[in-house]
Structures are given as C-alpha cells and as structure tokens.
Amino acid sequence: MTKKSRRVATIFALGAAGALVLSACSGAGGSGTKEVAFVQGVAGDEFYISMQCAIEQEAAAQGVSVNTQGPTQFDPSLQKTVLDSVVASRPDAILIAPTDSAAMQAPLDAAARQGIEIVLVDATVDDPSFAVSQVASDNIGGGAEAFDAIKQMNPDGGKVLVMSVDPGISTTDARAAGFEQAVAQDPAFEFLGVQYSHNDPAEAARLITAALSRDPDIVGVFATNLFASEGTATGIRQANMQDQVKLVGFDAGPAQVNQLRDGTVQALIAQEPAVIGKDGFDQAMNALDGNPVTRDIQTGFQVITADNLDTDGAQWVYRSAC
Ligand code: T6T
C-alpha cells in the first residue's frame, strides 16, 4: 500500500446520517469572540462535511464561533451569492474552497479588501496573493498515483480516459494534469482525453456509457472527484464491464467505498479533508492573532483498495455528518 500522507490522519468513524444541504453552526459570538466562516464548494459533499467537522471541532476547542455555508451545487455563481452574504455578516476570517479559479477571483479580492482574512482550503484561484494561507492536497501527485494504480492492473497498457468535473477547478484540473503527464511517459497507454460531468453522477454515467460504446477496449478510467467517481462506477456496472475497465476514483465517500467493496471501483485516492480544515483554521487564527502564518501547506493522500479497506484504510473514509 502506498502511503503519501505527510501527517497522521484524523481518525473518523463512518457516519450514518444523510447529507447536509445547508448548515449553519454557532451563532454570533459575544463581543471579543472571533467569528470565522467556512464556505464549502458545495453542501452535502462528504469531503466538505469532513472538513466542516474538523473546523468546528478545532474552533470549539478555541472558543471561536464558526458559520458553515455551502451552495446547493458546485457552481461559482451560486458560491458567489453565498460568499456575498457571508461577507455582509463581517466575519473576522473566511475559509473557502473556490469552485472556479477565474470566476471566484474578483469576489475574493473584494472580500480581502474589506479586511477579512481569507484562507483558501482545498481549491485555489488564479492569483491567490490576497490569501493569508492556502491548504490543499497534492493533487498533481494524486493524479500520477491514479495512473500508477491503473498501470499495475493493466501492465500491458491500453486506452485510458479521465472523467472530471468542469474545466477551471484548480483541484480536479491538477489531478487530470498529473494523470495525463504520467500517461504521456508510458507509450503502452493511449490517452483518450478528459470528459466533464459537471459534478453530476448521472452525467458521468451517461458519458462513460457513450465512451465505452465508442471505445469498447478502454482498460482504465480515472475519475477526479467523488461525484465523477460514483457516476462512472454506475455506468461501468450498467455496461457490465467492471472486469475489464479498471476504475480509480479520487476521494473516499461512503458510497464510493461501497462501490469499492462490490468490485466496481478498484482503488480510491482519499484526501485528508480534516487536516485541510484544521490547518486552514489554525492559519486563520495565526493571522488574526498576529502570529507567523504558513503561506502554503500541502496535505497528503492515501490509496484505499479492497485489501486495506477494513484495516488501515478505514480511517480515511469521509464522514456523512459531524
Ligand atoms: O474532490 C473534492 C474536492 O477536493 C474538489 O475540489 C471538489 O470535489 C470534492 O469536493 C469531492 O466531491
């Protein structure tokens, strides 16, 4: 098993509750209480729920108030509306996962100009110089690791495809680039390109079905996030091609883990959302307290397969509720 984490992961139990749609935790603090907002990429995504839980736990330990908000879809225009209302509530700091590296630039520049400390968590923007800190996974490395996993299962090579989300998302773009760069170094593999499923599992299922009918000899697919992975797995299962097509998905939501268990997915690349959240929160506090701030923090990932899912892989599964 490959272990890339540079830190010890926060250990989570697998939550049973359903997805959150929109959550707000902690009200306004009294005078002197620091107020922090966390703006998720999208509500109900177990990656951001896991991050939320860690931020709220850390904040509670420090007596800080946290307000968590997320748009109902992974969409910069919806996220901008959420951000605007958060900025209007004048928190001391905002932790945010920008859903588009260009579209979220101006709204975040404007928020920083109002004196709010901004920490970018998970994703970034084209010019993050306004941010006091940014914390993200090794996304390029994770994409390369996905190719390694596919290659191990297909030593003779073949056609491979990336199922991504939307162009312009820093995280998934970097994962796709890391994968493509790794494929380019191996002439036994043919890269069929990147498809964009708009964070919609049904669209990912539709796209993979069409891709498999165009190229029935595809041997591997890398799905760059939780929803792309879930939908791609569904499409491969519906085509009954799970024995031929090796699927490696980014993230480790509970539904993805079930698909790993049933053999539709062969490997998951789990991030450390709790570490990203806690580190981001701590850097915001450093900025507010006038302490030294770490500008860039890179967190790790762990490859989960059926072999380690019930042992040391279990602690990497994301939470459904705090
Ligand atoms: O993969 C994560 C996150 O890192 C990415 O930026 C968007 O998608 C997820 O939230 C998973 O759905």
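In this predicted model, the shell around the ligand consists of Asp45, Phe47, Tyr48, Phe74, Asp122, Thr171, Arg175, Asn225, Leu226, Phe227, Asp251 and Gln271. Sorted by class, that shell comprises five nonpolar, three polar and four charged residues.

Let me turn to the polar side chains. Aspartate 122 places a polar side-chain atom 2.6 Å from an oxygen atom of the ligand. For threonine 171, a polar side-chain atom is found 2.7 Å from a ligand oxygen. Aspartate 251 has a side-chain N or O atom at 2.6 Å from an oxygen atom of the ligand. As for burial, the ligand taken alone exposes 300 Å², and the protein buries 99% of that area.

Because domain 1 (33–136 + 272–298) and domain 2 (139–270) both give residues to the shell, the ligand lies between them. Thank you for your attention.

How values were computed. Residues numbered from 1 in each chain as written. Predicted model: local features only at pLDDT ≥ 70, side-chain atom pairs only at ≥ 80, totals over all residues. Heavy atoms only, no water. Near = heavy atom within 4 Å. Polar contact = N/O pair within 3.5 Å; in protein donor to acceptor, adjacent residues only side chain to side chain. Areas by Shrake-Rupley, 256 points an atom, 1.4 Å probe, with all protein chains shown as cover. Nonpolar A, V, L, I, M, F, W, Y, C, P; charged D, E, K, R; others polar. Domains from an automatic or database assignment.
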